Amino acid sequence: MTPHTSPTPALRTQSGKLWLTALWACVGLGLIGGLLIAIAAAWYYPSLPELDKVTRYQPQQAMQVFTSDGVEIAQFGSERRTFLPIAQIPPLMQEAVLAIEDARFREHSGIDPISVLRAVVANLTGGTRQGASTITQQVARNFFLSNRKTAERKLKEAMLALKIEKSLTKDQILELYMNQIYLGHRAYGFGAASQVYFGKPLDQLSIAEMAMLAGLPQNPAYANPITNFERATRRQQLVLGRMRTVGAITEEQFATATAQKLVIRSPLQVPVHAEFVAEMARQVVFERYGQQAYSQGIKVTTSLISTDQQAAYAALRRGVLAFDRKLPYRGPEEFEELPSDPTEEDAAAALALKDYSDDEDLRVAIVLLASPQAVVARLATGETLQLQGEGLRWAQAALGAKATAPLAIKRGAIIRVQHVEGKIGWAISQWPEVQSALVALTPSTGRVRALVGGFDFSDQQFNHVTQGWRQPGSSFKPFLYSAAIDKGVMPSTVVNDGPLELPGVNGGPGWSPQNDDGQFLGAIPLRTALAKSRNLVSVRLVQMLGVQPAREWAARFGFDIDKQPDNLTLALGAGSTTPLQLASAYGVFANGGHVLPPVVIERITDAQGKVLFEAPPPPVLADMEPTVPERNLFITSSLLQTVTSSGTAAKAQATLKRPDLYGKTGTTNDSVDAWFAGFQPGLVAVVWTGYDKPRSMGRESGSSVSLPIWIDYMGRALKGAPVAPFAPPPSVMRDALDDWTYTDPPENGELIRLGFDEPPAEQVK
């Protein structure tokens with residue numbers, strides 16, 4: 001064993017000199033470096049920008065659209081931001097950010113020497129690389145500089161940080177940071193991020209949720225919980241640890257937060273689907289303010305009621321999908337090649353699905369394995385599903401060996417699947433081709449409570465509620481009946497539902513109108529005629545009235561007279577209307593005879609709350625002169641009540657179990673358009689269903705396609721509303737047949753029979 005020997009005094013003296021030399025060298029280099037930095041600072045300082053961007057902060061805020069009860073339905077703008085003053089940001093949220101980003105924020109003057117030294121040591125010794133930028137430096141960078149990692153940028157950043165600290169308080173700096181920082185998925189600031197990732201305001205977050213948000217600034221694009229939940233969770237746990245270390249939370253709070261299972265809001269989840277109304281609002285604001293509409297924090301309040309709107313959206317979707325399942329399965333949307341190597345399958349499936357838009361109801365999936373007994377498919381979210389039994393029944397023909405190439409479901413097929421409640425679970429579905437629209441309004445104010453312009457806005461932006469001019473069919477008949485009642489035709493009047501031959505013009509082809517069932521009932525009361533929607537009766541009513549007077553009477557309800565035919569096809573609803581116009585017209589029955597313009601946009605304000613536009617308040621109906629007499633409205637409504645109790649819409653009262661429902665089905669030739677328009681005294685709703693390019697829906701009708709959607713919506717919208725049928729006014733009484741009639745008949749008296757002694761036939765143009 002070699003004996004240990006101590007260094008000689010000469011060696012110790014030589015070593016000490018070396019250390020002293022190294023120390024002086026470091027000091028010299030430091031002085032030189034400091035001098036160079038000082039020179040550079042003196043050079044750059046005059047060119048530093050003014051601080052107006054931060055001292056007079058005007059955050060770029062997207063245009064927001066809300067329901068009348070305050071639920072946000074859309075934002076328009078490149079930056080999604082909800083500005084929150086520092087006093088409205090929960091203290092614990094502030095502490096979470098400071099704990100992970102800048103624990104000494106309250107102590108330093110813009111640059112933290114301790115953090116700088118710690119970062120230098122870590123970087124020189126091979127430890128975990130660390131940044132040393134304070135929150136103030138990050139504010140300087142976000143507002144004035146680029147993200148390029150250069151010495152010049154870092155120097156300017158530090159000088160700007162010192163300058164900012166002299167001009168603003170710590171709270172002001174933190175307020176800037178927490179509202180300006182990008183946090184992924186178009187969310188700028190923690191207020192917006194809270195809604196994007198958790199679907200709720202910042203002050204409703206738990207400690208665990210706050211920590212998740214606080215971890216986002218480091219890598220918002222790739223470490224957010226939607227894009228990479230695992231990576232975001234690791235960062236969240238680090239934030240919670242730092243919060244415990246600095247004393248922002250207790251050990252018990254740390255344990256609770258660490259154990260909490262977070263529920264991240266899917267991009268497919270929307271609190272209220274009102275995309276068509278949001279687009280209506282966007283167009284109005286853009287027409288007024290141009291591009292500034294998307295950055296000035298303009299807020300639009302609509303007349304929608306969030307619960308009504310969501311009920312309408314869900315009802316329409318259920319109804320359209322139920323109709324679509326009556327049709328044959330049309331096959332996959334597309335086919336993609338998948339590798340045979342199982343290890344490459346996941347990545348290839350995810351890549352293939354990126355090109356297809358997902359949907360919260362009709363999920364897009366790629367088939368991994370297909371047989372008549374089972375289908376294995378992968379969702380865009382990465383979940384693997386196994387469909388079998390009832391879930392395959394509708395598409396069974398596409399799974400057989402004889403399925404044609406476009407129809408066949410095989411490996412690589414892009415299909416739609418839908419989760420069905422009950423034992424079925426996941427089932428094969430398809431994107432529907434048919435469209436539908438629903439609008440509901442309050443008749444006493446004209447305020448639109450719900451508006452769904454089509455099955456899916458992202459797939460089809462055409463708003464069928466406001467832009468879809470279609471034939472109303474038999475849903476137009478009540479307005480003609482109202483005109484006839486004004487001339488003395490009463491519910492007990494017997495009308496001829498018999499064949500009718502009408503000559504054409506100048507020797508042209510004539511017209512023999514038919515009933516939908518091809519049959520004739522002969523002599524029937526007017527009440528029965530509307531309940532059963534007899535076409536021949538409607539034609540005879542218009543013959544009696546005259547086409548032009550009938551058109552003019554319809555105009556009293558708000559219809560465009562120039563869009564209604566000037567011949568007897570008027571009787572069958574061969575004109576044009578939109579669902580919104582039809583709803584407004586039915587509102588006249590419900591509100592006592594007043595045509596009120598539909599209102600969707602209630603108010604527009606700027607970012608400071610200043611009112612830029614406000615819709616006029618609803619009129620006082622009692623002060624207005626009705627366009628249609630009260631007694632006429634009551635008797636016509638009583639006919640519509642019979643339609644919903646025992647007529648073509650008998651499912652309405654039978655399903656909803658309330659007598660205060662009034663309405664009319666409508667089906668045009670060859671079932672091209674199917675309608676149901678109806679109301680309860682406090683709510684009007686109209687549903688239309690059809691194809692964009694008009695074609696037959698087969699043997700469907702308004703009662704089989706649109707009425708179920710109306711019932712579904714009204715069942716939810718009227719929940720808890722008291723039953724309130726119309727009370728008879730003093731100007732009506734019961735006749736000898738116990739039906740309603742006027743107390744004082746019109747000048748020509750009450751008509752007892754109509755259409756048996758035919759008037760001269762009016763020619764068909």
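**Cavity, sheet, buried helix and pocket in the predicted model**

The largest cavity is lined by Leu441, Thr442, Pro443, Gly446, Ser584, Gly587, Val588, Asn591, His594 and Leu596. The structure is a predicted model, and a search of the whole of it returns one cavity of 30 Å³ or more, the space within the largest cavity amounting to about 50 Å³. Helix α21, spanning residues 579-591, makes the largest contribution to this lining, with four residues. By class, the lining of the largest cavity comprises four nonpolar and six polar residues, with no charged residue among them.

Leu441, one of the residues lining the cavity, stands opposite Val684 in β20. Strand β12 (residues 435-441) and strand β20 (residues 683-690) are paired in the antiparallel sense over seven bridges. These two strands belong to an open sheet of five strands, ordered β13-β12-β20-β19-β18, in which the pairing is antiparallel. The edges of the sheet are formed by β13 and β18 (662-667), each of which pairs on one side only. On average, and with direction ignored, neighbouring strands of this sheet are turned by 5 degrees against each other.

Helix α22 (residues 630-646) lies across β18 and β19 (673-680) and runs at about 70 degrees to β18. Helix α24 (residues 702-717) packs on the sheet with contacts to β12, β13, β18, β19 and β20, and its direction makes about 145 degrees with that of β20.

Elsewhere in the chain, helix α3 (residues 91-101) is largely enclosed by the rest of the structure, because eight of its 11 residues are buried. The buried residues of α3 are Met93, Gln94, Ala96, Val97, Leu98, Ala99, Ile100 and Glu101. Their cover includes the helices α5 (135-144), α7 (170-180), α8 (190-198), α9 (207-214) and α10 (229-245).

Strand β2 provides the largest share of the lining of the second largest pocket, with five residues. The lining of this pocket consists of 22 nonpolar, 14 polar and 10 charged residues.

How values were computed
Residues numbered from 1 in each chain as written. Predicted model: local features only at pLDDT ≥ 70, side-chain atom pairs only at ≥ 80, totals over all residues. Heavy atoms only, no water. Buried < 20%, exposed > 50% of the residue type's maximum accessible area, 1.4 Å probe, protein only. Contact = heavy atoms within 4.5 Å. Nonpolar A, V, L, I, M, F, W, Y, C, P; charged D, E, K, R; others polar. Pairing = 2+ DSSP bridges. Axes fitted to C-alpha atoms, helices over the stretch in contact; angles between N-to-C directions. 1 Å grid on protein atoms, 1.4 Å probe; cavity = no way out; pocket = protein on both sides within 12 Å on 5 of 7 lines; lining within 4 Å. Points joined across faces, edges and corners; volume = space filled by probe spheres on them.
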